[in-house]
Amino acid sequence: TRGHGDAGTRGERDGSRIQNPKSKIGNGEPGLGIQERKKQGKNVPRRAADLYLGDYHPYVATDTARLRLTPQHYAYLRISEGCNQKCTFCTIPAIRGPMHCKPPAAILAEARELVGDGAVELNLIGQDTTSYGEDIDYDAGLAGLLRELNRLDGPRWIRLLYAYPSVFTDEMIDAIAECDKIVKYVDIPLQHISDRILKAMARRVTRRQTEALLDKLRDRIPGVTIRTTFISGFPGETDAEFQELLDFVREQRFAAVGVFPYSLEPDTPAGRMKEQLPPQVKEDRANAIMEVQQAVAFELAAGQAGRLLDVLVDRPAGRGRYAGRHAGQAPEVDAVTYVSGKHIEPGEFVRVVCERSDGYDLIARPMDVILPIL
Ligand code: SF4
């Protein structure tokens, strides 16, 4: 099945157009056996945490394969499974059922386990992370969970992925702004901006509300990085509605955008809509959005030159360089920062100065200090 960005799957695996197609995070340097690597404190495939996730709920069994693929220094932490939204293009609620949240204590235990296993970055996922807590009467909701996670020793970065726009509260915004470990990064799939299409998608949010939320995020979380995804060629999308979306992408200057050409899912309300668009139109529209976004992203990247950044190193990238990410770059889907240097281990934080951009990516050199992992 295919999701559409906030469906808990990463863009590349869904065949979406993502902003930085060459950014693939590898698994560190090969060559040492697991025991040897463990002794040296290096990356080994994560095991205990996988089992814990798989044991929690049958739905999360699929997480294990993916988690084993992640390097040891970052991890995806699933906070819920299933979804109570009813987006008309999506099969996830039918397949995975209503939202089941893990209790905060279970999430904290899992987070500790991942940290104990070497993770310094936790990426929170779920089909709709902003609705967290609804089904378990956890009134503090996502904001409360973020504040709890922020108190943990060990993780340096905690990142929120798959936020749903209509339930993004002021408390959540404040928690992101105030908690030092919560990176100032919001992944918020918007899917469209035309009111008529948003309604046809049953997204329960309007253009005006979306713009107000984006303004508020930028206002109250200084320097926030916003990633989003859109669907191009939803059934009945007119030229004018598509143009509205294209103009919106141009105006908003998002840090990162993924685009999914609409994919018909059987047994969904959108799948039954009469005005399905030809594949070529959906493709052309996706490409047009990515073209507009590419210009924005290249400009934003070029504007980083001269900035000091803390970069989490992911892997050696050859020719005396390492690929890593600053806090505004999520693993696997976003651009990367290449750092020149020697003897840097995956999972180390390095303070760098950005020298220039290379398309979506940044080229940086280390300052002399290697930061301790907190
Ligand atoms: S929020 Fe919408 S698109 Fe995302 S999983 Fe739920 S129903 Fe699907």
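This is a predicted model: local features need pLDDT of at least 70, side-chain atom pairs count only at pLDDT 80 or more; totals for chains, interfaces and linings use all residues.
Figure 1. Residues are numbered from 1 along each chain as its sequence is written, and side-chain values use heavy atoms, with hydrogens and water left out. The largest nonpolar core holds 54 residues; such a core is a set of buried Ala, Val, Leu, Ile, Met, Phe, Trp, Tyr and Cys residues joined through side-chain atoms within 4.5 Å. Leu149 and Phe168 have the most contacts inside this core. Not counting residues up to four places away in sequence, Leu149 touches Ile107, Leu108, Ala111, Leu124 and Ile158 (contact: heavy atoms within 4.5 Å). Buried residues account for 58% of the 374 residues in the chain (buried: under 20% relative accessible area; exposed: over 50%; partly exposed: in between; 1.4 Å probe, protein chains only).

Figure 2. The volume of the largest pocket is about 850 Å³. A pocket is defined on a 1 Å grid over the protein atoms alone as an open set of points where a 1.4 Å probe fits, with protein on both sides within 12 Å along at least five of seven lines; lining residues have an atom within 4 Å of a point. Grid points are joined across faces, edges and corners, and the volume is the space filled by probe spheres set on the points. Of the 39 lining residues, Gly223, Thr225, His326, Ala327 and Gly328 lie nearest the centre of the pocket. The lining divides into 21 nonpolar, eight polar and ten charged residues (nonpolar: Ala, Val, Leu, Ile, Met, Phe, Trp, Tyr, Cys and Pro; charged: Asp, Glu, Lys and Arg; polar: the others, Gly among them). Strand E6 (182-187), strand E7 (225-232), helix H11 (279-302) and strand E9 (308-318) each supply at least two lining residues, and E6 gives the most, with four. Helices (H or I, at least four residues) and strands (E, at least two) are DSSP runs, numbered from the N terminus. Domain 1 (11-302) and domain 2 (308-371) each contribute at least three residues to the lining, the bounds coming from an automatic or database domain assignment.

Figure 3. Ser232 lies in strand E7 and counts as buried because its relative accessibility is 0%. Beyond residues up to four places away in sequence, Ser232 touches Glu237, Val259, Phe260, Pro261, Tyr262, Lys282, Arg285, Ala286 and Ile289. Thr238 lies in the loop between E7 and helix H10 (239-252); its relative accessibility is 36%, so Thr238 counts as partly exposed. Thr238 and Ile197 are 41 residues apart in sequence, with a C-alpha to C-alpha separation of 9.6 Å.

**Figure 4. Ala200 in helix H8.** Ala200 is found in helix H8. Its contacts, residues up to four places away in sequence not being counted, are Thr88, Phe234 and Met273. Ala200 and Glu237 are separated by 37 residues in sequence and by 9.9 Å between C-alpha atoms.

Figure 5. Most residues other than glycine have a negative phi. Ala202 has a positive phi of about 55° and is found in the loop between helix H8 (195-200) and helix H9 (207-220). With 24% relative accessibility, Ala202 counts as partly exposed. Glu332, with phi near 75°, lies in the loop between strand E10 (321-326) and strand E11 (337-340). Glu332 is buried, with a relative accessible area of 10%.
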